[in-house]
Amino acid sequence: MVKIIELEKRIESFQLDIKSLLFQEKKIHGLIGSNGSGKSTLIKLITGLMRPDQGTIDLGSLRSKDITFTTQRPYMLHDTVYHNLIYPLKIRNQIPAKEVIGKWLDLCGLTGKEEQFAPSLSSGERQKLSFARALIFKPKLVFIDETMANMDPESIRTFERIITDIQTEDPITWVIVSHQPTHIYNLCQEVHMMEAGKLLFSGTPKETGYFIKERHEKQWSY
Amino acid sequence: MTLNRETMDIIWLTMRLGLVSTFLSALIGIPLGLLLESRDFYGKRVILRINRTLMGFPPVVVGLIVYLLFMRRGPFGELSLLFSFPAMVIAQLFIITPIVSGMVCTAAKNVASEIRTFAISMNASRSQTFFLLIKEMKHDIYFTMAASFGRSISEVGAVMIVGGNIQYKTRTMTTAISLMRNKGDYSEAITLGVVLLLLSFCIQTLMDTLKRYENNGENY
């Protein structure tokens, strides 16, 4: 379980201030909020890309090497699709099993493109490859930062199927970041909503839906 | 001019000096350039400004400084390095290293942050991240090395002062050209100049071929 307590980070005029936030183990969490609400900053703090000004991030039993993340614009190594896919295994001195590589290439619709230069892939294919690359070494906590934002519905369904399959076989913890809640409601078990650097609400997708609706009605009743 | 023993010796020494200086400058300059790009520390701007100033530092002044450091009564006089190949390499290190670190730092500003974020997402160690940066920035590094080698073999002021232009020992193509001009032997000087130009062209062609080979590899 990842526990965040009294976390503060100031970046120019933006202030992230989270009193308490819990990411329960082996669950799929959604992190929603409008652009600039602090979602990406929070992820950067948890993954170690940034240092907090104050507060604690308790990773529990997780080690930093169990955590990974994907970004909206994934970096592709100047190498083949195959070498991009096996990179996390290579740096862990693991020999990539043919069946595993084949399975991931198939899941991402990249079979037959193993020898293609990865930066020449389409943006959708890059997203899929980055997703497979993040999961191939079996991490225990995965952050998906707006990865599905520019995807076609078919690809989103593929992603959802992969996530669901992993949760059935060997569940891990997911944090899916999106500024469009509808993208993640049917996948998440818990949703955390952020606004202006603060955590506004945490609950089930249904509860979050009610909260947003109520808030919306209140705003328009004035 | 015929390719006699002396000429061959001069060409060989020039090439050796260029390769050794470029290699050693790369060993120091590449990590330094990446460090300057990645770390924020007090006085970083001043250090970057000093580095940029050193990129255009007059070689003859560098030669003079190295000469003063290694002269018999200088702080490193006991090493007796003056008028030797190592002294010429040291002088060239002062000239080329700021060029390597400056160019690598500038190139890294465009891509290194993205590569580092990726490396962190993959939980790569520090050394794995460093070698990944080198691999992903190989085209910029090729260009930097080519420019540094060119600077090294065309340099005359510093190697003349610290090397002394000694026949069969520290005479490079540029110092030999300078000597021939002093002697009024213009045809010999021009011929050696043309050989220098051709050598430089061959090295650049070799680097280009290597780069193209890598690019072809990338097209798969």
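**View 1. The six-stranded sheet of chain A.** In chain A, the strands E5-E6-E7-E3-E8-E9, in that order, make up an open sheet of six strands with mixed pairing. Strand E5 (67-70) and strand E9 (198-203) of chain A are the edge strands, each having a single partner strand, so one side of each is left without a neighbour in the sheet. From one strand to the next, the twist averages 20°. Helices (H or I, at least four residues) and strands (E, at least two) are DSSP runs, numbered from the N terminus, and two strands pair if DSSP finds at least two bridges between them. The model is predicted: local features need pLDDT of at least 70 and side-chain atom pairs count only at pLDDT 80 or more, whereas totals for chains, interfaces and linings use all residues. Residues are numbered from 1 along each chain as its sequence is written, while chains are lettered from A and ligands numbered from 1 in the order in which they are written.

**View 2. The pairing of E3(A) with E8(A).** Strand E3 (residues 28-32) and strand E8 (residues 190-195) of chain A run parallel and are joined by four bridges. A:His29 has A:Glu190 as its bridge partner in E8(A).

**View 3. Helices on the six-stranded sheet.** Helix H1 (residues 39-47) of chain A lies across E3, E5, strand E6 (141-145), strand E7 (173-178) and E8 of chain A, and runs at about 150° to E6(A). Helix H4 (residues 123-135) of chain A lies across E5 and E6 of chain A, at about 180° to E5(A). Axes are lines fitted to C-alpha atoms, for helices over the stretch in contact, and angles run from 0 to 180 degrees between N-to-C directions. Contact between two residues requires that their C-beta atoms, placed from the backbone, lie within 7 Å.

**View 4. The three-stranded sheet of chain A.** Three strands of chain A, in the order E2-E1-E4, form an open sheet with antiparallel pairing. At its edges stand strand E2 (14-23) and strand E4 (54-58) of chain A, each with a single partner strand, so one side of each is left without a neighbour in the sheet. The twist averages 20° from one strand to the next. Strand E1 (residues 2-11) of chain A runs antiparallel to E2(A), with nine bridges joining them; A:Arg10 stands opposite A:Gln15 in E2(A). H1(A) packs on this sheet, touching E1, E2 and E4 of chain A, and its direction makes about 115° with that of E1(A).

**View 5. Buried residues of H2(A).** In helix H2 (residues 81-90) of chain A, the buried residues (20 or more other C-beta atoms within 10 Å of their own, with C-beta atoms placed from the backbone) are A:Val81, A:Asn84, A:Leu85, A:Ile86, A:Tyr87 and A:Pro88. Their cover includes helix H3 (98-107) and H4 of chain A.

**View 6. The contact between chains A and B.** Chain B contributes 14 residues to the contact and chain A contributes 18 residues. On the side of chain B that touches chain A, helix H4 (85-121), helix H5 (126-136) and helix H9 (186-219) of chain B are the elements giving two or more residues. H4(B) gives the most to that side, with six residues.

Methods. Buried ≥ 20, exposed ≤ 12 C-beta atoms within 10 Å, placed from the backbone.
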